Amino acid sequence: MSFQDTITSIEKMEIRGAGRIARAAVSALCEFADTLPPSDLVTWQQGMMTAAARLIATRPTAVSLPNAVHLIERVVKKAGSRDEGIRMVRERSRAFVRSSLSAVERIGEIGSKHIRDGDVVLTHCNSEAALACILTAKKEGRRFSVIATEVRPGNQGLLTIKTLGGAGIRTEYIVDSAVRFFMNKVDLVIVGADAVVVNGAVVNKIGTSQIALAAREARTPFIVAAETYKFAPRTLVGELIEIEERSPLEVLPYEIAKDLPSVTVRNPVFDVTPSEYIDLIVTEEGAIPPAMAYVIIRDYLGWDIIEFQREAGVFHDNME
Ligand code: RUB
């Protein structure tokens, strides 16, 4: 797929889900590195950085996207020549895709342990990390059923029920507003994440926080499945995660909206679930309580925290 095709597909949500977006972005940069016309190193580096910025701008909420793109930017900056840069980008991009896929598999192995025989598991949206837990539990021979939400307005629930149905898992498909109605029969909620912030709060598909609230009220465990590259390092220095708001036309067709000039349709597509409502975050490095999110950012993400603090102006030399 060409660089421009990837940009368009992410914007139109043909490529969607935080992990898939990250893998598509690094693959697009790999392809782009090769196709830039012959030039000196600096021009190539500038071209790559512009492309990286365009990719990051496609969807603002999934932190996996800037995290993955940043890995490529780092090798672009380090390259001693254009050829070396292209080679390093290729290696880094392939390594990221490989490690992302194996992270999802590992999360499946760890998260599946929380699903017991006879459980009813509720999931929201279409998360490959959350689904990995469910599919692995099925492969391991456990007998359970799933409740999957519809996920208005994008209907990502359809993708989820196709995967669950394809795996022969007994599934009930419900509208988003029926979650509380069913919560008392749910044993476990598993969702994915677009971002995990330093205090352990999780940003995921709109509606996730309402589900967490209902789960808390019913004393139902609420688990998040998230690769470490979804943890947001910039939240260490007080940056907030931007919540994407998409076109009102995804919610209400123009034919209806045009006759209602006083009605404004709002379409935020993610929300924030506070850490108090989350029992566990399953990463490829192990399952952690949300309060340990800082440790993941510090120890596993490989980001230079001091570099961030300097950029944000919160670093003092005596902290070194
Ligand atoms: C997708 C969504 C998913 C997370 C995690 O939103 O909220 O739960 O991205 O998915 P959208 P994964 O459909 O708007 O991209 O585990 O696949 O990375």
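**Helix pair H2/H4**

I looked up the handedness of the H2 and H4 crossing in this predicted model, and the crossing is right-handed. I then took the geometry: the axes of H2 (residues 18-35) and H4 (residues 64-78) come within 8 Å and cross at roughly 25°. That makes H2 roughly parallel to H4, because angles under 35 degrees count as such.

Next I listed the residues in the contact. H2 contributes Ala 18, Gly 19, Ile 21, Ala 22, Ala 25, Val 26 and Leu 29. From H4 come Ser 64, Leu 65, Ala 68, Val 69 and Ile 72. Sorted by class, the contact of H2 with H4 holds 10 nonpolar and 2 polar residues, and no charged ones.

**Loop between E2 and H7**

I checked the peptide bonds here and found that the one from Arg 152 to Pro 153 is cis, with omega near 0°. Pro 153 sits in the loop between strand E2 (145-149) and helix H7 (156-166). Val 151 also lies in the loop between E2 and H7. Val 151 is not a glycine, yet I read a positive phi of about 70° for it.

**Loop between H9 and E7**

I noted a positive phi of about 55° at Arg 219, again not a glycine. Arg 219 is placed in the loop between helix H9 (208-217) and strand E7 (222-225).

Technical notes:
Residues numbered from 1 in each chain as written. Predicted model: local features only at pLDDT ≥ 70, side-chain atom pairs only at ≥ 80, totals over all residues. Heavy atoms only, no water. Axes fitted to C-alpha atoms, helices over the stretch in contact; angles between N-to-C directions. Helix = DSSP H or I, 4+ residues; strand = E, 2+ residues; numbered from the N terminus. Parallel < 35°, antiparallel > 145°, perpendicular 65-115°, else oblique. Left-handed = near helix turned anticlockwise from the far one by under 90°. Contact = heavy atoms within 4.5 Å. Nonpolar A, V, L, I, M, F, W, Y, C, P; charged D, E, K, R; others polar.
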